[in-house]
Amino acid sequence: MVNILVVDDEPMICKGVATILKQSNLDIAEVFIAYNGFEALDFIHLEKIDLVFTDIQMEKMNGIELIENIFMEDPTIPIVILSAHGEFEYAQKAIRFGAKEYLVKPITPPHLISVATKLLGEKKEKQRHFSNLESSRTLSEHTSLEMNYYLNELVTGTVHESEVPAIMEKLGTRMRGTHYSMLVIKLSLDRGGIHDQEISTLKDRSLLKYAALNIIEETANQWCHLVFNTHNSTFSLLLQIPEEEIRGSQSINQLLMVAQMSHTNLQKYVNVKSQIGISRIREGITQLPVIYQEALESLAWSETHKGHHMFYIEDIGKTTNEQNLTNTQVDEANNRIVYETKTYIEGHFCDKGLKLQDIADAVHLSPNYLSYLFKKVMGVNIWDYVTKLRMEKGKQLILTTDKRRYEISEEIGYESPEHFSKIFKKHFGLNISELKHTGP
């Protein structure tokens with residue numbers, strides 16, 4: 001049975017969509033309703049969600065931001081955008097950011113059920129589809145041996161400037177923009193495949209490698225990109241970043257999202273572990289050698305952070321300002337960052353609309369890397385920690401004051417008392433009225 005999450009700041013739409021889904025023949029365990037992005041993320045953190053329907057225009061956190069946050073948690077969850085007429089361009093952008101479909105309001109029940117059925121079915125079929133890729137040895141048309149050679153020459157800086165236009169002409173129309181980033185993806189090919197077995201022969205390793213290449217290609221197919229082999233077990237993913245998306249945290253989160261999706265799909269569908277280094281976004285084809293080196297430098301960071309799988313160049317050096325530190329010194333630097341993070345959270349956990357991005361910005365790290373460090377040091381993820389503080393504060397107010405439920409939910413950062421009650425019951429295993437009767 002599946003759990004579906006419906007997100008819209010118009011209660012009637014939420015309830016209407018939920019009713020249609022519940023009355024369908026889909027094998028549904030629960031349809032959760034959230035009236036804004038923050039409530040939606042609480043459900044993502046606390047429940048196993050199989051499909052999300054979300055409005056695209058919401059106050060405080062729009063559909064694009066919600067998609068980014070969901071994909072950082074679990075990039076395998078299919079997301080459907082609910083849009084109004086006139087939001088086509090915005091909806092199309094959401095598709096590029098990972099949404100699977102968009103529906104224009106008002107939504108007809110047959111169409112809604114058809115889309116839900118299709119996406120839930122595709123989720124099951126994806127395992128079979130990617131498994132079939134394991135037997136494929138065909139290079140993508142865009143990464144033929146000739147193209148692979150030219151791209152390697154470009155990123156290693158061995159091509160003379162006068163030769164660049166001719167090579168770009170050979171690469172075709174996929175790379176006609178001005179801003180680029182690079183992901184270097186290092187595969188662990190000692191074991192893997194459908195049955196997660198030891199890989200001992202050259203033939204099996206070659207098959208697994210090409211299966212991984214095809215998975216990376218399919219994962220990045222919403223972006224202008226090229227994938228090419230740079231070493232035996234390493235692929236480089238060159239992404240073209242649209243001009244309107246190069247500023248602010250949104251562009252960085254997009255890179256992290258592609259990396260997370262690639263890592264997850266490789267692990268899930270062919271049991272291949274990976275480490276990924278991510279460059280900055282830079283302007284011009286002449287910067288390819290620079291972003292390639294940045295991605296390699298980021299990848300090298302995995303040697304001292306074995307428990308993490310993706311590294312963005314801007315995070316490196318912010319926890320440690322010196323090279324060749326001992327493990328103890330690295331741990332001390334990480335602990336300082338986590339202490340600063342805890343201090344910020346403890347001062348702001350009651351803020352309405354608190355985002356992981358806000359917390360990461362406070363300590364000048366990407367959300368992904370900060371989440372890794374926090375979990376490593378504290379043994380709990382950041383949002384669970386925020387929720388724990390909110391619940392403890394709420395419990396204290398219930399037991400020691402005469403404040404009403406809506407006043408308490410307002411005070412600890414929740415938009416609605418109903419949502420506060422749901423999270424409280426999930427956290428403590430009893431509802432608010434039961435707590436009042438039983439006491440501390």
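**Close-up views of selected side chains in a predicted model**

View 1. Thr-230 lies in strand S9, which spans residues 225-231. The coordinates shown here and in the other views belong to a predicted model. With a relative accessible area of 11%, Thr-230 is buried, because the limit for that class is under 20%. Its side chain makes a polar contact of 3.3 Å with the side chain of Ser-236. Leaving aside residues up to four places away in sequence, Thr-230 touches Ser-236, Phe-235, Asn-152 and Tyr-292.

**View 2. Salt bridge between Lys-105 and Asp-55.** The side chains of Lys-105 and Asp-55 form a salt bridge with an N to O distance of 3.2 Å. Distant parts of the chain are linked by this pair, the two residues being 50 residues apart. Lys-105 sits in the loop between strand S5 (101-104) and helix H5 (109-133), while Asp-55 belongs to strand S3 (residues 51-55). Lys-105 and Asp-55 are both buried.

**View 3. Salt bridge between Lys-355 and Glu-65.** The closest N and O atoms of Lys-355 and Glu-65 are 2.9 Å apart, and the two residues form a salt bridge. Lys-355 is buried at a relative accessible area of 17%, whereas Glu-65 counts as partly exposed at 24% relative accessibility.

**View 4. Salt bridge between Glu-392 and Lys-388 within helix H14.** Glu-392 and Lys-388 form a salt bridge whose closest N and O atoms are 3.0 Å apart. About one helical turn separates the two residues, because they are four residues apart in helix H14 (residues 382-400). Glu-392 is partly exposed, with a relative accessible area of 38%, and Lys-388 is likewise partly exposed, at 36% relative accessibility.

**View 5. Network of Arg-280, Arg-282, Glu-294 and Glu-314.** Salt bridges with shared partners connect Arg-280, Arg-282, Glu-294 and Glu-314 into one network. The count for the structure comes to 15 salt bridges.

**View 6. Cysteines Cys-14 and Cys-224.** Cys-14 is buried, its relative accessible area being 0%. Cys-224, at 38% relative accessibility, counts as partly exposed. The structure contains zero disulfides.

Definitions and conventions: Residues numbered from 1 in each chain as written. Predicted model: local features only at pLDDT ≥ 70, side-chain atom pairs only at ≥ 80, totals over all residues. Heavy atoms only, no water. Disulfide = S-S within 2.5 Å. Buried < 20%, exposed > 50% of the residue type's maximum accessible area, 1.4 Å probe, protein only. Polar contact = N/O pair within 3.5 Å; in protein donor to acceptor, adjacent residues only side chain to side chain. Contact = heavy atoms within 4.5 Å. Salt bridge = Lys/Arg side-chain N within 4 Å of Asp/Glu carboxyl O.
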